[in-house]
Every structure is written in C-alpha cells, then in structure tokens.
Amino acid sequence: MKKTINLRSLAAQTLERVVEQGQSLSNLLPTAQKNLSDKDSALLQELCFGVLRTLPLLEAAVQQLMSRPLTGKQRSLHFLIMVGLYQLLYTRIPPHAALAETVEGAAVLKRPQLKGLINGVLRQFQRQQETLMPQLEQGAPRSLHPAWLLKRLQQAWPEQWQQIIEANNQRPPMWLRVNRRHHSREAWLTLLQASGNNATPHASYPDALMLEQPTSVAQLPGFEHGWVTVQDASAQGCVTFLDPHNGETILDLCAAPGGKTTHILEAAPEARVMAVDVDAQRLKRVHENLKRLGMQAEVKQGDGRFPEQWCGNIQFDRILLDAPCSATGVIRRHPDIKWLRRDRDVAELAALQREILDAIWPYLKTGGTLLYATCSVLPEENHLQIEQFLARHADAEEIPLDNSPHAGLQNYPHPQGGDGFFYAKLIKK
C-alpha cells in the first residue's frame, strides 16, 4: 500500500524553515509538493500560505494557550499547533478531521509523546475560541504585518495604507493573459465560458481576464497549446506601457521567470528579444515558458549592473527593467515576504536599482524607451528612485502615465484588481 503523507507535519516543517531559517516559500513549496496529488498539493499550499498570512494572530493565540513555548528540537511542533489553529479558524475542514490529522503529525515529526499536548492545546482553543478571538483581534497583531512595514506604509500612503493592508491579507484573484497570437480576448473568453468557467476583462490591459473562481490550468482551454498564461493583471501592464513593435531590438532585464518576455513576443512576434537574469536556476523557467508558447528569444545569464559583460555593443530600441525590489506589492501572493524582508533591505534594494538603471541607460538608443517597473509599493524604490534618476540624467525624459504629482504610476493591490505595481516610462532624448 502507498504510504499516506501527513500534510500537517509537512506544512509545519516547511513553515519552520521559512520563519526560523529565512528560506523562501517559493523555493520550498515545489519540493514539498512533489509526488502529491493535485488535491493534497492545493491543501499544503493553503496551509502554508494561510499560516504565514495570519502569523501574528496565530502566534498570539499560542502564547495565550501555552505557559511555555516549544523550543529547540520541539520547535516544529509549535508550527504544527499553528497549522491546527489555522484549520479550525479559516478552513472548512471538519474540526474532528483537522484535530486528528494535526495530532498525528506529532508522530510523523518523531515526537509521539507530544500528541497529547497538541490535542490538549487545540481542544482548549475550541473551548475558548469565542472569548479568546475577539481579544486577540483587537490586540497588536491586527494588521497582520510587521511593525516596520506598517509604519512605512502609513507614512508613504496616509490615505491608502488601510486598503493596501486589507488587500495584502486576502487571497489573490487569479488573472490570465490571453495569447493574442491565437485568439482575441473575447474569442478565448467564449471558449472559457463553454468550459463552465467565467472571467471578467480588465479595463486597461487588453489581454487580461480575472477568473470568477480560481481553477487548475488543466481546466483552461488550450493552456497546453499556449493559448493562455497565468499572469497578474499589473504584471501585464508592463507590456502595455512598453508598447513593443515588430522589428525592434528589445531587452527584458531581470527577466525570470519569463512572463513578460513571452508577453513581449505575443505583442511583437517579429521583435528581437534578449532576456537576461542573474539567476541561472530561475532562467530555466524562462526556457520552459518560451517552449510552452512556441517562442524564441536570446536568453542570457547576466548581472544588470555590468551589461558590458553580456551585451556587447548592442543598442536597444526598448528596455523593460523589472527591477529587483522588496516585493511589497505582491504580499498576498507571497505572504512569506512579510516575515523574510527587513527594514534595512529597502535601502539596499534601492541602491541596487540605482546601479542597474545607471548601468543600462547607455545601452538604450536615442529616442528609445525604457520602462522601469517594480512589484513594490514603497516610494524609495519607485517614484523617488525615478525622480533621482531624472535629476542625474539630462537626456532622460519621463512620459507621464497618469496625473500623479510624482513620477510614474503606482498601482495598489486590490481585491478585484491587480497586484501592487509601479511603472515609469522614460525616453532618451
């Protein structure tokens, strides 16, 4: 018989590596999901994402329920308890099943002597839930964000910070990009509706559709043929603003995993596209995406700060720089960002962005377009970065994308919209 995998213990081990060891959930989860069924894979993701989304609240609950924290070799059991609490609070899993599987997780984690403790803590929570939760929700962890990030958001966006926080704490919508080389958005939407699903078009980005209910890509008509790609609406905005044309030489810098590279080629199939990223592992995803969509681009490993090492004498008509950033605009998709990022990271990332911008600017033709983009909502990485760049480069001119008094266009994460994203469109005079 095939051995049954205890998903609660697997989630606890994964969460411990994220929170205690600072590892990325995006790197850990695919390995943890190997050999799991689609159903189990989805549940494991839900448990990991959910605990990270609500971590301060769950931590506060554990502190109330236990006189002493679990430490050392027993630390994974701390996360197992939080997995149990998350199920009781936020999922439709029957409580008896949630408790049984979570308690059994202690044995899988080689701490069978603690099964009674896990069971006792979770049952105590069930008895006290009605009185305990209102107290916890009114306390310090209410925003479910670290204090440093909350402070930055409040200072940067005094009118919008609550909207940003609320959107960050929700499950993200599933956005699709229709491949215009195969179908118009309207034609593919008709195919989708015939399959029993429905979606809403984005008002500004011509290829974007938001599914009414997230679904497996296997349920999307023609996914395996490259008819459609999963990509957030705000990420699709990059190619709308870049406006690529056939015959142009275009650079997608910091390109992995290749969503924007392939979108450029959908919009301009006869463009010469170079996709560059510093991370060799992530470049594999660029090749995979190009292959699925039947496209070709020149893919190179290279550091954006040193284009002379990989670029030669090429001059580009258009450059898309999706710069390394704090990713504070995509927290709802990557809730571990809240706990992996540190306040000091913002200044370090802004310095790196400045280096890349200054290094790549000479490789843009006169009259060419550079679109600077980040999935951040922090001014230091966004409009302040571009305003400083414009002050340093007399041959750079901004093309306004909205009526904001600041440089560029800032999108905030929205429950029925795209992720938090920033764009600035620059022309070389």
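Student: How many salt bridges are there?
Tutor: The count comes to 18 salt bridges. Keep in mind that this is a predicted model.

Student: OK. What does Arg152 pair with?
Tutor: Asp343. The closest N and O atoms of the two are 2.6 Å apart.

Student: And where do Arg152 and Asp343 lie?
Tutor: Arg152 sits in helix α8 (residues 147-156), Asp343 in helix α15 (residues 343-360). The pair therefore ties together parts that are 191 residues apart in sequence. Asp343 is partly exposed, at 36% relative accessible area.

Student: What about Asp232, what does its side chain meet?
Tutor: Arg333, in a salt bridge of 2.9 Å, N to O. Asp232 is in the loop between β4 (228-230) and α11 (233-242), and Arg333 is in the loop between β8 (316-322) and α14 (337-340), so this pair links parts 101 residues apart in sequence.

Student: Is Asp232 buried or exposed?
Tutor: Buried, at 9% relative accessibility. Arg333 counts as partly exposed, at 21%.

Student: Which partner does Arg305 have?
Tutor: Asp303, with the closest N and O atoms 2.7 Å apart. Arg305 is partly exposed at 31%. Asp303 counts as buried at 18%.

Student: Which residues do shared partners join into one network?
Tutor: Asp232, Arg332, Arg333 and Asp419.

Student: Switching to helices. How do α3 and α5 cross?
Tutor: At roughly 95°, with axes coming within 10 Å. The two helices are therefore roughly perpendicular to each other.

Student: Which residues meet there?
Tutor: From α3, Glu46, Leu47, Gly50, Val51 and Arg53; from α5, Met82, Val83, Tyr86 and Gln87. By class, the contact has five nonpolar, two polar and two charged residues.

Methods:
Residues are numbered from 1 along each chain as its sequence is written. This is a predicted model: local features need pLDDT of at least 70, side-chain atom pairs count only at pLDDT 80 or more; totals for chains, interfaces and linings use all residues. Side-chain values use heavy atoms; hydrogens and water are left out. Axes are lines fitted to C-alpha atoms, for helices over the stretch in contact, and angles run from 0 to 180 degrees between N-to-C directions. Helices (H or I, at least four residues) and strands (E, at least two) are DSSP runs, numbered from the N terminus. Angles under 35 degrees count as roughly parallel, over 145 as roughly antiparallel, 65 to 115 as roughly perpendicular and the rest as oblique. Contact means heavy atoms within 4.5 Å. Ala, Val, Leu, Ile, Met, Phe, Trp, Tyr, Cys and Pro count as nonpolar, Asp, Glu, Lys and Arg as charged, and the others, Gly among them, as polar. A salt bridge is a side-chain nitrogen of Lys or Arg within 4 Å of a carboxyl oxygen of Asp or Glu. Buried means under 20% relative accessible area, exposed over 50%, partly exposed in between (1.4 Å probe, protein chains only).
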